[in-house]
Amino acid sequence: LMNDKHKDAVERFEAYAEQLFSDGRRITGDYFEKDRMTAKLLATGAQTLFQAKFTAPDNTACLTDVMVRVGGDEFDIYEIKVSTKAKPDHTWDLAFQKRVIEACGYRVRKTAVVHVNGQYIRNGNIDVMALTGITDVTDEVNATMPALDPKIKDAFDVILSPECPDVS
């Protein structure tokens, strides 16, 4: 769980990182309405969405930090992280998002992590391009995809189990 100071830092960095993407539309409102709002904006040709939500037929669901239309129903997705590099957990997160989005009938071309440039030194106003780094993790995500379904099945088995699993 995040403390208030960390949560504030995450929200501030996300706001800066979102400036990298022009004409973004934020999906707001109730969690259960976000699927409908996402579908509506995509159907009307929205190019860039923040916090888009997808629910696959198998009831897996995801929220994307950023998705950018690159043509038709094909998108690049970006995960914004307050870290100085892409990490393995980010790859799993993006692989899950890709799986859910593609199960909803869209295609994902590229996956990337937007992170803090650890070498950035502020001199006056914040330079968003210098503050951020983007690491393409498409190859890593694609290599992770085959391992995803067994992990999802295990997660559903735990969720649907009448007894609490042994955490050891």
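**Exercise 1. How many salt bridges does the structure hold?**

Solution. The structure is a predicted model, in which local features need pLDDT of at least 70 and side-chain atom pairs count only at pLDDT 80 or more, while totals for chains, interfaces and linings use all residues. Residues are numbered from 1 along each chain as its sequence is written, and side-chain values use heavy atoms, with hydrogens and water left out.

Step 1. The criterion is a side-chain nitrogen of Lys or Arg within 4 Å of a carboxyl oxygen of Asp or Glu.
Step 2. By this criterion, the structure holds eleven salt bridges.

**Exercise 2. Describe the salt bridge between D58 and R99.**

Solution. Step 1. The two side chains meet at 2.6 Å, N to O.
Step 1. D58 lies in the loop between β2 and β3, whereas R99 belongs to helix α3 (residues 88–103); the partners are 41 residues apart and link distant parts of the chain. Helices (H or I, at least four residues) and strands (E, at least two) are DSSP runs, numbered from the N terminus.
Step 2. Buried means under 20% relative accessible area, exposed over 50%, and partly exposed in between (1.4 Å probe, protein chains only). D58 is partly exposed at 33%, and R99 is buried at 17%.

**Exercise 3. Which salt bridge does E79 form, and are its partners buried or partly exposed?**

Solution. Step 1. E79 pairs with K81, and the closest N and O atoms are 3.4 Å apart.
Step 1. E79 has a relative accessibility of 5% and counts as buried, while K81, at 23%, counts as partly exposed.

**Exercise 4. Which residues of helix α2 are buried, and what covers them?**

Solution. Step 1. In α2 (residues 34–43), the buried residues are K34, T38, L41 and L42.
Step 1. They fall within an arc of 100 degrees (taken from the directions from the helix axis to the C-beta atoms), so they line one face of the helix.
Step 2. The face turned away from this buried side carries the exposed residues K40 and A43.
Step 3. The cover, by contact (heavy atoms within 4.5 Å), includes β1 (24–26), β2 (48–55), β3 (61–71) and β4 (74–80).
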